[in-house]
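Keep the structure in view as you read.

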Amino acid sequence: MVDWVDVLVRSFVFLALLFFITKILGKKQISELSFFEYVSGITIGSVAGEAITGLEKNMFHGMLAIAIFGLVTLFADIITLKSKSLRDMVEGRATVFIKDGKVLEENLKKEKYTIDELSSLLRQKDIFRFADVEFAVLEPRGTISALLKRENRPLTPKDLNMKMPAEKEPQTIIMDGSIMDEALRSAGKSRGWLSTELEKLEVTLDNVFLGQVDSYGELTLDLYDDKIQVPSPSQRPLLLATLKKTQADLEIFSLETEDVQAKEMYKKNAKIVQQAIDKLTPYLSN
Amino acid sequence: MTIAANVKQCLSTIKGIEAQLSSLALNSVDEGAKDVFHTTMLTIVDVKKDLQTRVLELERLEPQYKSS
């Protein structure tokens with residue numbers, strides 16, 4: 001066989017083999033979370049490279065090696081699901097580097113990390129001061145995970161005692177001008193609803209590049225023609241404004257009327273509307 | 001504008017709010033949001049009823065502003 005034909009055949013064979021091996025091993029292999037997968041990952045890669053271009057050698061030896069590495073990794077993955085001690089041995093354990101805001105020099109030495117490397121890893125997490133860190137561990141993969149001290153963490157609605165409404169994931173229901181029926185079903189909407197919404201916004205389906213519906217059933221579109229302005233959904237903020245206006249109106253009526261009974265009625269209802277506003281504000285403001 | 005006309009306008013705004021809340025309750029996916037929209041809609045209905053009686057009273061007091 002001519003050499004280049006040989007390389008051609010080998011390339012395709014190994015491409016297919018590697019594809020299947022990674023398919024079997026799954027996403028875990030790709031993320032290389034444990035060092036076992038890291039090792040098998042590089043080895044499989046270099047064995048394949050060697051077997052493709054090393055024409056004087058038998059191709060099947062390379063395939064055998066890859067199959068063994070793949071199967072052993074798969075086997076290890078299955079066993080480590082069952083046993084914690086084996087998992088610690090095969091996948092490695094995280095090492096604590098900083099605890100209670102103090103650097104643990106012993107552990108640093110054990111993993112052979114210098115203080116420069118530690119600060120470099122922390123800097124990649126946008127942490128420039130050791131003092132800000134409450135707890136940091138070195139993951140088996142070699143990345144660092146750091147927990148900041150309470151006062152240095154980003155502010156969340158919970159810190160402010162704000163009640164946030166639950167929100168479901170938005171569904172992409174139009175891609176490249178075609179309707180995604182499955183996503184449409186998950187959003188609980190029909191084609192009829194979609195065509196009405198599109199008509200309301202005065203756009204045709206062909207012109208839509210991307211269309212998403214959020215958990216309130218509001219449709220956001222991106223068009224091919226970027227010169228056309230699509231109004232962003234504003235139903236909810238508008239509703240909040242209308243509610244506020246109504247509340248103000250009711251209060252004005254209660255001040256204007258001379259009828260005692262009516263005054264009471266207006267006051268009571270103004271209060272009810274105010275309570276409704278308070279309750280709805282998290283849902284209605286964007 | 002007279003008071004009666006103002007109250008009528010407010011009444012129709014409230015009707016609009018009720019309709020929008022009910023449509024939001026139907027269109028939302030999240031159960032919690034659905035529930036909040038629905039219960040608020042029900043309280044708004046009570047407000048609407050009170051205003052409706054008030055409009056009738058005003059029409060009785062000021063028949064000249066009665067809508068045809």
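Which residues in α11(A) meet which residues in α2(B)?

## Between the chains

This is a predicted model. On the chain A side, the residues in α11(A) are A:Ala262, A:Met265, A:Asn269, A:Ile272, A:Val273, A:Ala276, A:Lys279, A:Leu280 and A:Tyr283. In α2(B) they meet B:Ala33, B:Val36, B:Thr40, B:Thr43, B:Ile44, B:Asp46, B:Val47, B:Asp50 and B:Arg54. Sorted by class, this contact of α11(A) with α2(B) has 11 nonpolar, 3 polar and 4 charged residues.

Now the geometry. Angles over 145 degrees count as roughly antiparallel.

## Within chain A

Chain A also has a helix pair of its own. Helix α1 spans residues 3-25, and helix α3 spans residues 35-53. They pack at an angle of about 160°, with axes 9 Å apart. Therefore α1(A) and α3(A) are roughly antiparallel to each other. α1(A) passes α3(A) in a right-handed crossing.

Which residues make the contact? From α1(A) come A:Val7, A:Arg10, A:Ser11, A:Phe14, A:Leu18 and A:Ile21. From α3(A) come A:Ile44, A:Ala48, A:Ala51, A:Ile52 and A:Thr53. By class, the contact of α1(A) with α3(A) has 8 nonpolar, 2 polar and 1 charged residues.

Definitions and conventions. Residues are numbered from 1 along each chain as its sequence is written. Chains are lettered from A and ligands numbered from 1 in the order in which they are written. This is a predicted model: local features need pLDDT of at least 70, side-chain atom pairs count only at pLDDT 80 or more; totals for chains, interfaces and linings use all residues. Axes are lines fitted to C-alpha atoms, for helices over the stretch in contact, and angles run from 0 to 180 degrees between N-to-C directions. Helices (H or I, at least four residues) and strands (E, at least two) are DSSP runs, numbered from the N terminus. Angles under 35 degrees count as roughly parallel, over 145 as roughly antiparallel, 65 to 115 as roughly perpendicular and the rest as oblique. A crossing is left-handed if the near helix is turned anticlockwise from the far one by less than a right angle, and right-handed if clockwise. Two residues are in contact if their C-beta atoms, placed from the backbone, lie within 7 Å. Ala, Val, Leu, Ile, Met, Phe, Trp, Tyr, Cys and Pro count as nonpolar, Asp, Glu, Lys and Arg as charged, and the others, Gly among them, as polar.
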